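Here's a quick walk through one model, from a single helix out to the cores and the chain contacts. Have the viewer open as you read.

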Amino acid sequence: MGFLDIRNVTKSYGSVQVLHEVDIEVEEGEFLVLVGPSGCGKSTLLNMIAGLEGISGGEIAIKGRVMNGVHPSKRNIAMVFQSYALYPNMTVGQNMTFGLEMHGVPKPERDRALADVAKLLQIDHLLDRKPGQLSGGQRQRVAMGRALVRNPDVFLFDEPLSNLDAKLRVDMRTEIKKLHQKLRTTIVYVTHDQIEAMTLSTRIAVMNKGYVQQLGTPKEIYYTPANVYVATFMGSPAMNIVPSSVVMQGGVPHAIITDADGAVKHLAFSQPNLAAWEGKPILLGIRPEAITDPEGADRKSGNIVALSNRVGVTEPAGSDTFVTMALSGKDITARMRADAAVAPGQVFDFAVNMEKAVAFDPTTEERIAP
Amino acid sequence: MSGVTQDTAVSTGRITRAFIYLVLILFALFYLLPLYVMGVNSVKPLAEITGGNMMALPSVWTLEPWRQAWSTAQIGVEPTGLRPYFLNSILMVVPAVAISTIIGALNGYVLTKWRFRGDTWVFGLMLFSCFIPFQIVLIPMAVVLGKLGLAGSVPGLILVHVVYGIGFTTLYFRNYYASFPTELVRAAMIDGAGFFRIFWRILLPVSGPIAVVSVIWQFSNIWNDFLFGVSFGGTSQPMTVALNNLVQSSTGVKEYNVHFAGAILAAFPTLIVYIVAGRYFVRGLMAGSVKG
């Protein structure tokens with residue numbers, strides 16, 4: 001039993017089921033990120049944990065206490081909303097202590113909690129202002145402060161960074177991570193941004209169409225995606241998925257692919273269990289950073305395969321140069337070092353790190369290796 | 001785009017501008033003319049009105065007509081002046097406006113933030129009450145007031161006006177609260193505030209503009225109402241009915257100067273409300289109507 005238990009939870013509106021048997025156990029101090037495209041049910045699940053939406057089936061328990069039907073204010077949770085939801089008529093200080101006041105905490109205690117949190121978030125100079133006089137980043141801090149002051153069991157974040165501009169978003173992301181490392185609180189965080197999910201979480205639940213597609217650490221999600229959906233949703237640029245099939249050469253399974261000029265090539269797998277798929281079609285998944293110029297290849301990898309191919313388009317992005325080229329009839333992206341000498345139209349020798357290759361069943365789209 | 005419009009504004013020039021202002025001033029004067037006539041004639045002796053020009057300034061200034069209209073003029077059979085009726089109107093209008101505004105605010109809060117199955121129907125029906133003509137409900141209302149024992153009393157009039165006003169006040173507050181972010185209500189719920197606490201602490205403090213609209217609308221409607229007043233007023237008739245009795249009396253000499261003074265007295269409270277809160281009225285109407 002975890003700290004926050006989500007047991008076979010479903011949600012339906014009339015005959016439409018929007019969440020299907022979600023089962024997640026969150027340990028104390030974990031940072032769980034629910035990530036997925038809009039409409040995947042992640043915010044609904046968060047609202048159900050908060051008690052703002054009813055539970056159609058299953059159970060949600062916090063610290064072993066079943067929360068079905070318990071009022072939001074009695075769950076000892078705090079929530080940070082996307083729009084921050086600061087009370088416009090109250091000062092920052094009043095905003096932050098409103099919850100304590102409603103819970104009957106005496107004034108001296110409220111003031112002490114307020115002072116502590118304001119200092120922690122460096123907003124002590126803003127306490128007498130109204131939310132309308134604050135910048136976006138300051139409002140974001142106040143919204144977090146309002147949650148922190150309550151000292152709840154579980155923090156719920158509903159896309160808290162999506163209203164900020166790009167630079168501030170990155171800063172606040174680091175800030176939230178620091179805060180979590182310092183306070184070791186249990187957090188459930190909803191976002192549609194896979195980078196936020198990767199950087200912040202201790203565990204990620206990738207959701208789509210009301211199903212949890214995969215639940216795991218960022219590393220597991222990134223290197224061993226459960227299916228093609230997770231593989232392409234997490235990571236930017238997305239993982240390259242090309243149709244292929246397995247052939248055995250010298251007892252080692254190889255992926256058969258065709259290059260941009262139509263020549264057939266074989267790439268040796270590091271996963272022996274693919275022998276069972278000999279002669280059968282598969283989907284080959286390779287992350288862009290696993291296809292590089294030879295000098296940029298991972299030295300620690302035990303399986304770098306050379307692949308010469310005609311370069312389609314080059315996109316210098318400053319830190320890296322992205323190359324787009326055709327492989328087995330699909331456009332794939334490779335990530336080169338910034339100063340790799342590569343020109344469009346040229347045939348170039350790429351290095352493919354097959355240790356990081358993933359294979360999927362083409363009919364079910366589930367991962368078959370590694 | 002704005003540069004272009006600014007150019008045309010400059011090129012229309014001073015002459016066009018002066019012409020526009022002239023026309024506007026003329027219209028304003030024209031609209032103010034009745035008030036001028038009433039004002040001027042209410043401070044003249046009666047002889048000057050009957051024997052002279054209505055537009056002329058008085059040759060003898062007197063406040064006697066005002067004193068008479070207020071305290072000694074014959075209203076019906078009693079020489080009480082308008083004073084007791086003015087008091088009736090105040091006693092009726094203040095609670096009626098307050099109650100209908102508060103109920104409207106609560107209705108708007110429930111219809112937008114505590115939605116329930118069929119809430120749009122409920123709202124539709126309340127809206128429908130705005131379109132029912134007064135005359136239709138006179139007889140059923142008389143029966144209801146009679147059964148409640150409120151016929152011919154100030155509380156009875158308050159009830160009638162509250163019932164009639166709820167449709168409008170609900171409409172105002174519902175549209176205003178519809179654009180109020182629901183996340184704030186949810187945040188307050190998590191913070192532990194209940195139904196009334198959220199209303200009192202979160203919504204009401206930002207409801208100023210729409211409350212002004214509601215108060216102005218209800219005040220002018222209830223203060224100026226004649227039909228309900230004359231039908232259900234009984235012994236506590238409002239100002240409008242008394243003014244009618246003063247002006248329409250068919251015996252004796254028509255004291256026009258007293259009538260003018262009485263009419264101004266009757267119009268005075270609404271005038272004050274509009275002057276004091278008029279600009280909030282427009283602002284609030286806009287705020288409520290942009291997001292519906």
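**A helix to start with**

Let's begin with helix H4 of chain A, residues 136–149. H4(A) has 14 residues and reaches 20 Å from its first C-alpha to its last, close to the 20 Å expected at 1.5 Å a residue. Keep in mind that this is a predicted model.

How many of the 14 residues of H4(A) are buried? Eleven of them are, so the helix is largely enclosed by the rest of the structure. The buried set is Arg139(A), Gln140(A), Arg141(A), Val142(A), Ala143(A), Met144(A), Gly145(A), Arg146(A), Ala147(A), Leu148(A) and Val149(A). What do they pack against? Their partners in chain A are strand E6 (77–80), helix H2 (92–102), helix H3 (107–120), strand E7 (154–158) and helix H5 (166–183). Just after H4(A) comes Asn151(A), with a positive phi of about 50 degrees.

**Nonpolar cores**

The largest nonpolar core has 149 residues, and those with the most contacts inside it are Leu34(A), Met79(A), Leu156(A) and Val188(A). Helix H7 of chain B (residues 154–178) gives the most to this core, with 14 residues. In soluble globular proteins, nonpolar side chains tend to be buried together.

Take a look around Val188(A): leaving out residues up to four places away in sequence, Val188(A) touches Val26(A), Leu32(A), Leu34(A), Leu46(A), Ile49(A), Val154(A) and Leu156(A). There's also a second, separate core of 15 residues, with Ala69(B), Ile75(B), Leu246(B) and Phe260(B) among them.

Eight residues from domain 1 and nine residues from domain 2 make up the contact.

On the domain 1 side, the largest share is three residues, from helix H8 of chain A (residues 228–233). By class, that side has five nonpolar, three polar and no charged residues.

**Where chain B meets chain A**

Now for the chains: 14 residues of chain B are in contact with 17 residues of chain A. On the chain B side, the elements giving two or more residues are helix H8 (182–191) and helix H9 (195–203) of chain B. Which element gives the most to that side? H8(B) does, with seven residues. By class, the side of chain B that touches chain A has nine nonpolar, one polar and four charged residues.

Technical notes
Residues numbered from 1 in each chain as written. Chains lettered and ligands numbered in written order. Predicted model: local features only at pLDDT ≥ 70, side-chain atom pairs only at ≥ 80, totals over all residues. Contact = placed C-beta atoms within 7 Å. Helix = DSSP H or I, 4+ residues; strand = E, 2+ residues; numbered from the N terminus. Nonpolar A, V, L, I, M, F, W, Y, C, P; charged D, E, K, R; others polar. Expected span 1.5 Å × (residues − 1). Buried ≥ 20, exposed ≤ 12 C-beta atoms within 10 Å, placed from the backbone. Core = buried A, V, L, I, M, F, W, Y, C linked by C-beta atoms within 7 Å.
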